[in-house]
Amino acid sequence: MASWTHESATKRASMPEPQPMEATALNQFAPARPEALWRRLGRLPITLYLGGTLVSLFVLVTLVSFVWTPHPPNQMNLSTRLASPGTSGFLLGTDRAGRDVVTELMLGARNSLYVSVVSTIVAMVLGTAIGLAIAGSPRVIQGVSTRLVDAGLALPGILTALVLAAKLGAGNTTATLAIITWQVPVAARVTIGPARQILALDFVEAAYGYGRRKPYVLRRHVLPNIGPLLIVLGSVMFAAAILIEAALAFLGVGVQPPTSSWGRFLNETQSLLEAAPFLMFFPGLAIVLTALGFNLLGDGLRTVLDPQQARSGLS
Amino acid sequence: MSLVDVSGMFFHYPRARLGAGSEGWTLHDISLTIRPQSTLGIVGESGSGKSTLIRVMCGLLRHQRGTVRFDGDDILQLSREGLNELHRRNQIVFQNPRRSLDPRMTIARSLSEPVRALHDRTPDDTELIASLERVGLGQEVLPRFPHQLSGGQLQRVGIARSLSVNPTILYADEPVSALDVSVQAQVLNLLMDLRDELGLTLVMVSHDLGVVSRMCEDIVVMRDGRIVESGVTSAVLAQPESSYTGALLRAARAASLERAQEA
Amino acid sequence: MLELRDLRVQIGGHEIIHIDELDLEPGTRLGLVGESGSGKTMTAKAIAGLLPDEAKVSGSVRFEGRELVAMGDSEFSEIRGKQIGFVFQDPARSLNPMMRIGRQVSEAIRLHARLNRRACTTKVIELLEQVQLPDPESLLRRYPHQLSGGQQQRVMIAAAIAADPELLIADEPTTALDVTVQEEILRLLISLSEQRKMSVLFVSHDLGVIRFVCDRVAVIYGGSVIEAGRIEDVVANPMHRYTAALLAANPGMPRDDNFSAFIGQRLQTIEGTVPAVGNFPSGCRFRNRCEHAIDACTATPKPAIVENDHRHSCWNPVVEG
């Protein structure tokens, strides 16, 4: 037959879309009555529970610390320095200055929470805004800005923090700023891809078709549809913030005494390895468990909010 | 006087690499007219440019060469207001109903978007219900989300949404390809009824000759970004001049139910 | 060579498939037609043993004398690929985008035959020729995205027939393709089936396509076969009301090329939509959408046989007019 039966190797392999209708119809296995709550809860991923528990514990401890701590904050008892865990009145022992470890941890938690909340929120808001703006810009600008974001990602975070500290001095503000600088490119980078995908969808085209402009589309169509993604991103960024804050404090760049900090506490235990080897476990464990908790939570949320659930935006 | 007048139009996508002659261009030398209240079918396979063509005619994509006139006005010369009017009068119904509605907006909200955007006001419930009624849906779908409706229902919502601003031309881009046969029939009938009731001009893009021959008085056959043949549907399909049209016909007949297949 | 008897599949407490009887003779092509939610893909998966874990299967699926229901996974994997080949709907999704064509097809070969590199390559080229792909040698090194949809589908078919299976299950293989390409692929399937005496189970929503390819057809609605028989018989004389409605709703092409009379003709629609799994009515599952439902339809339908092995299970079938 004539030449046109030999199909040209066009990139778009198919035009009429394959029909996923079968899957949708048959996936309606939901029974007429809503399923028993406990059964639904039983199917949730375990990471969600583990993470949720750890995070709740963290928040709880922080909140309680405002109302009660086993010992008055920062109370030094030089007579009971470096007590082992289990010594009367000191569940986990005392540090070099005789301060109760449990109290120290609780106060340190406050700091971690404060810094991570502030920095994560700011970083997410800024990062998402930048990501959306980039996704919505013309190709040329997108190319350049994405590279800029990548450059931001490549900047070593600790180095930036040290530079900031040199300029502004050590403290929570510096730590917060450092974390924000570190995390904004992350949030932006993560947002760009999915935002672009959504911008390519039909309902966005339809919106342009009835006169909507780009800013509206980004705000009202793209943002809600990357919601689940942002929730997951937030939890992971939270975990990172905890770790970074601890690291900065460890390096002496974070908050200074008398404010308690896990990172600084950890630093102090370094020199006490011989005298009180057990001491370093406590702040270390606190940092690890909290960061782990947020990571697990994020992982669990991602599983739950996955494309399997038709409800989430990006299915 | 024609409603849409396209003359010598060429279009390429923004980042296309233009080569010698016609390389890189998606649409080549397109010329066609659409009379008011007519029905036009645009037929072609993938890569033919048919979907791109209607988006250019709607003003969603800007062509680089040639003219496209809507109701006498060159669409490239329109002011901001003129463009809004162009959008209002040219609406598109998309192929995949599940992708053409924002999954995070209720049906009520999605339905009211065009009026909000183009007329700067929020339609009240009565208006929305009337909209739904016109496409055979009840008001119970208003608070629901797209994932709770079937493909056929969603497609009707899409049509209702397009009609909410009283367009002059309704472009349907493969409106039934993603639907089951029985639902296809419902939606096609609906389009035919609406066209009669509202005096719409209907432009239907499809790869399915059967659907086009049933719905459209005029036909344009496209291939590789060019118009290969055009004219009155019954004439073109009964006596195709282009061998490509002939091939499309043959393939459509082979997979149809009407005649026994040729040995 | 394939016999289904009283096959039932349950998922989540609902019986989604119930097939009393379905046969496929060697070397013939059977079409399984239905809309979404009809159960046609699930049936194909049930035959292939590819149902989700939570599915409970009972009844009998005999393939070449062997019982497939409740067959162990490892045994079944042997059969799959070697004796049963698969072609799915969207080739772009079934082909690994990161693997060259040559390698993907040879993997299919190697799974079921011990061949050295050279013999394998020869076989791959042979297969690509058999599916009428031009210049097979150069195709070996290409990636899927460099091929058109029709070419990709041909590659899929080559991989599916690599081990020379007795049965080919094709699930909507041409739905995502252009109509001219579709015709070629369908012709290819027919010729492969005839040359190799390979049976084909062709699952589709498109009766026209099935008519082109298959000798026999089984119409599925609500998980059961409501009508079956030779394709010409079923299309010319549909007995079950659903079959008749399906035929009437098909936009099709005008009879005798009478295009002028065709235009503006309304299509006959089927009221309502396919119910979700738990919501089918008792008795005949189609009765709540059927214009011709009578009281008797509330009872579970029994198969009736018209001549020529044309079966249906309608209480109020179409009467010759």
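I will start with the core. The largest nonpolar core has 246 residues; a nonpolar core is a set of buried Ala, Val, Leu, Ile, Met, Phe, Trp, Tyr and Cys residues joined through C-beta atoms within 7 Å. Buried means that 20 or more other C-beta atoms lie within 10 Å of the residue's own, with C-beta atoms placed from the backbone; exposed means 12 or fewer, and partly exposed is in between. Among the residues with the most contacts inside this core are A:M237, C:I169, C:L201 and C:V219. Helix 10 of chain A, residues 227-250, gives the core its largest share, 17 residues.

This is a predicted model, in which local features need pLDDT of at least 70 and side-chain atom pairs count only at pLDDT 80 or more, while totals for chains, interfaces and linings use all residues. Residues are numbered from 1 along each chain as its sequence is written, and chains are lettered from A and ligands numbered from 1 in the order in which they are written.

Now chain C. Eight strands form an open sheet with mixed pairing, in the order 6-7-8-3-9-10-12-11. Helices (H or I, at least four residues) and strands (E, at least two) are DSSP runs, numbered from the N terminus. Two strands pair if DSSP finds at least two bridges between them. Strand 6 (84-87) and strand 11 (304-306) of chain C are the edges, each pairing on one side only. From one strand to the next, the twist averages 20°.

Which residue is the bridge partner of C:V217 in strand 10 of chain C? That is C:G229. Strand 9 (residues 216-221) and strand 10 (residues 224-230) of chain C pair in the antiparallel sense over six bridges.

Back to C:I169. Leaving out residues up to four places away in sequence, C:I169 touches C:A44, C:I47, C:A48, C:I84, C:F86 and C:L201. Contact means C-beta atoms, placed from the backbone, within 7 Å.

Chain B has nine helices and 10 strands. Its radius of gyration, taken over C-alpha atoms, is compared with the globule rule, 2.2 Å times the number of residues to the power 0.38. Chain B comes out at 19 Å, close to the 18 Å that the rule gives for 263 residues, so it is as compact as a globular protein of that length. Buried residues make up 56% of chain B.

Last, confidence. pLDDT is the predictor's confidence in each residue, from 0 to 100. Chain A has a mean pLDDT of 79, but pLDDT stays under 50 over its residues 1-34. Where pLDDT is low, the predicted coordinates should not be read in detail.

Conventions: Axes fitted to C-alpha atoms, helices over the stretch in contact; angles between N-to-C directions. Contact = placed C-beta atoms within 7 Å.
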